[in-house]
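Please keep the sequence and the structure at hand while reading.

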Amino acid sequence: MRIALAPLTGLLAVVFTVVGFLLLGGTPGADASGGEVRSFYAGHESQGAVSLYLLVLAGALFAFFAARLARDLHGPTSSSGSWLHHVVFGAGLLIAVSFWTGASMILALLDLSGEPGVSDGTLQSLNALNETFFVPFLGGMGMLLVAAGLVLVRRTPADALPRWLGWVALVVGVLLFVPWVGFFAFLLAGLWVVTTSVLLALRSGGAASVDAQMNESGVSSGHRRSEID
């Protein structure tokens, strides 16, 4: 069975995200002092640089995954809900921009922590903004999951994603908008993206193999008919 590579961008996006955050380690909290912020980022310059580039790549990969998912969801959508795939793609773009904005703030912290002329108050304010910058991530992922879930639970043809994946998307997508639950729901959303990415890759690859076999059969039949004629 062939495996389609484009859907695996979702899997890679999640992997890059996890590795990126693990590399940076435990960043100073939102209430950390400017001195603590300066000391941390000045001592984690290399890890921070790799981390922010991984997050930039993760954002781009999420956008590609959302585009591929939106294309696959557009087929089984009924005419009354044919706009939902646009929400999926738009949410993917929002997630990508959120990653790039977060990476930009990490870059600023890395650069400014080594500048003696930058006050501790500036670093403290920037760090507080960086540590509390999660609403766009939750909102974008919530929109993506709810829209995808609505499509999947309405109609599930043989070549589409399973209906149960749609129900999971709806539940997790709604939880992303619930205060104090959103962070844990975001972790579940990452698992949903990985599962969907792999299923899309396997099913798309299998469908491509069937089409190729049918085309080969058609060509062979055409040759036999020509020989008979």
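## Model and confidence

The model is predicted. Its chain has an average pLDDT of 86, and 82% of the residues reach at least 70. Residues 207-215 have a pLDDT below 50, and in the model this stretch makes 4 contacts beyond near neighbours in sequence. Where pLDDT is low, the predicted coordinates should not be read in detail.

## Fold

The chain contains 8 helices and 0 strands. Read from the N terminus, the order of elements is α-α-α-α-α-α-α-α.

Among contacts in the chain with a separation of 6 or more, 79% are between residues 24 or more positions apart.

Of the 229 residues in the chain, 42% count as buried. The largest nonpolar core has 50 residues; the members that touch the most others are Phe62, Leu69, Val88, Met141, Leu144, Leu145 and Trp192. At least two residues of this core come from each of α1 (9-24), α2 (34-43), α3, α4 (84-112), α5 (120-131), α6 (135-154), α7 and α8.

Phenylalanine 62 shows what such a core position touches. Leaving aside residues up to four places away in sequence, the residues touched by phenylalanine 62 are Ala13, Val14, Thr17, Ile95, Phe99, Met141 and Val193. Met141 is also listed with Phe62 among the core residues that touch the most other members.

## Surface

A nonpolar surface patch of about 590 Å² consists of Val171, Val174, Leu175, Val178, Trp180 and Val181.

Trp180, a member of this patch, sits in the loop between α7 (163-175) and α8 (182-228). Is tryptophan 180 buried or exposed? Tryptophan 180 counts as exposed because its relative accessibility is 83%, and the cut-off for exposed is over 50%.

Tyrosine 53 belongs to helix α3 (residues 45-74). The relative accessible area of tyrosine 53 is 58%, so this residue is also exposed by the cut-off of over 50%.

Conventions. Residues are numbered from 1 along each chain as its sequence is written. This is a predicted model: local features need pLDDT of at least 70, side-chain atom pairs count only at pLDDT 80 or more; totals for chains, interfaces and linings use all residues. Side-chain values use heavy atoms; hydrogens and water are left out. Patches are made of residues with over 30% relative accessible area and no salt bridge: like charges are joined within 9 Å, nonpolar side chains (Val, Leu, Ile, Met, Phe, Trp, Tyr) within 5 Å. Accessible areas come from the Shrake-Rupley method with a 1.4 Å probe; for residues, only the protein chains shown count as cover. A salt bridge is a side-chain nitrogen of Lys or Arg within 4 Å of a carboxyl oxygen of Asp or Glu. Helices (H or I, at least four residues) and strands (E, at least two) are DSSP runs, numbered from the N terminus. Buried means under 20% relative accessible area, exposed over 50%, partly exposed in between (1.4 Å probe, protein chains only). pLDDT is the predictor's confidence in each residue, from 0 to 100. Contact means heavy atoms within 4.5 Å. A nonpolar core is a set of buried Ala, Val, Leu, Ile, Met, Phe, Trp, Tyr and Cys residues joined through side-chain atoms within 4.5 Å.
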